[in-house]
Amino acid sequence: MASAVRIVILDDPLLSAADRLSLAELSHAVHPPDTPPNPVTAGLEWADATIRAMAWQEERMVCHVGALIRAAVTEGRAVEVGGVGEVMTAPDVRRRGYATATLGTMSRHLIDLRQVSFLMLLRARSPRLLRKAGLAVVR
C-alpha cells in the first residue's frame, strides 16, 4: 500500500453520521449519478450491509467492504452465514492494495471472530482480488 491506512470494522448500527457521510461520498465517487445501471444487477433489490469494514487514509474513507450476517440452519444446526456484498475503492487510489487489505480484514473477522460458518462472495469481478485476500475461488 502506498500510504498507511487504518481499517475499522463496525456493525452497521454503530456507524456515526460522519461515517455514513464518508460512505455516501465514496459511493458517489465509485458510482457517479450519471453512470448507466449495470444490466446484470438492474432491478435487483439488495439487502443493506449488517457489518462494514472501512479503510481510512487520515480522515478520508478510501475503501469499503459491506457484508451481511444471517442466521441459518444446516444439518439441523444453527449457524451464521456471512456474505460480502460490495467492495468499493476510491477511483484515485485504486491498485494500491486497499481492497485486498480491507476484504482480507473483513473475511478474517467474519471467520475467526464471528465464527461465521460460510463466507460467500457472489459475482466477483476480480477472482485475483479474492485470492490475494486469502479466499478460495469456487465456480
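The model is predicted. The chain has three helices and five strands. Their order along the sequence is β-α-β-β-β-α-β-α.

**Overall make-up**
- The protein chain has 139 residues, and 35% of them are buried.
- Among contacts with a separation of 6 or more, 66% join residues 24 or more positions apart.

**Nonpolar cores**
- The largest nonpolar core holds 15 residues. Leu26 and Met61 have the most contacts inside it.
- Another core, of ten residues, lies apart from the largest one. Ile69, Val84, Leu110 and Val116 are among its members.
- Leaving aside residues up to four places away in sequence, Leu26 touches Met61, Val62, Cys63 and His64, and also Met88, Thr89 and Ala90.

**Helix α2**
- α2 has 16 residues, and its end C-alpha atoms are 21 Å apart. At 1.5 Å a residue the helix should span 22 Å, so the two values agree.
- The buried residues of α2 include the run Tyr98, Ala99, Thr100, Ala101, Thr102, Leu103 and Gly104. Met106, Ser107, His109 and Leu110 are buried as well.
- Leu110 also belongs to the core of ten residues.
- Gln115 follows α2 and has a positive phi, near 55°.

Methods
Residues numbered from 1 in each chain as written. Predicted model: local features only at pLDDT ≥ 70, side-chain atom pairs only at ≥ 80, totals over all residues. Heavy atoms only, no water. Helix = DSSP H or I, 4+ residues; strand = E, 2+ residues; numbered from the N terminus. Buried < 20%, exposed > 50% of the residue type's maximum accessible area, 1.4 Å probe, protein only. Contact = heavy atoms within 4.5 Å. Core = buried A, V, L, I, M, F, W, Y, C linked by side-chain atoms within 4.5 Å. Expected span 1.5 Å × (residues − 1).
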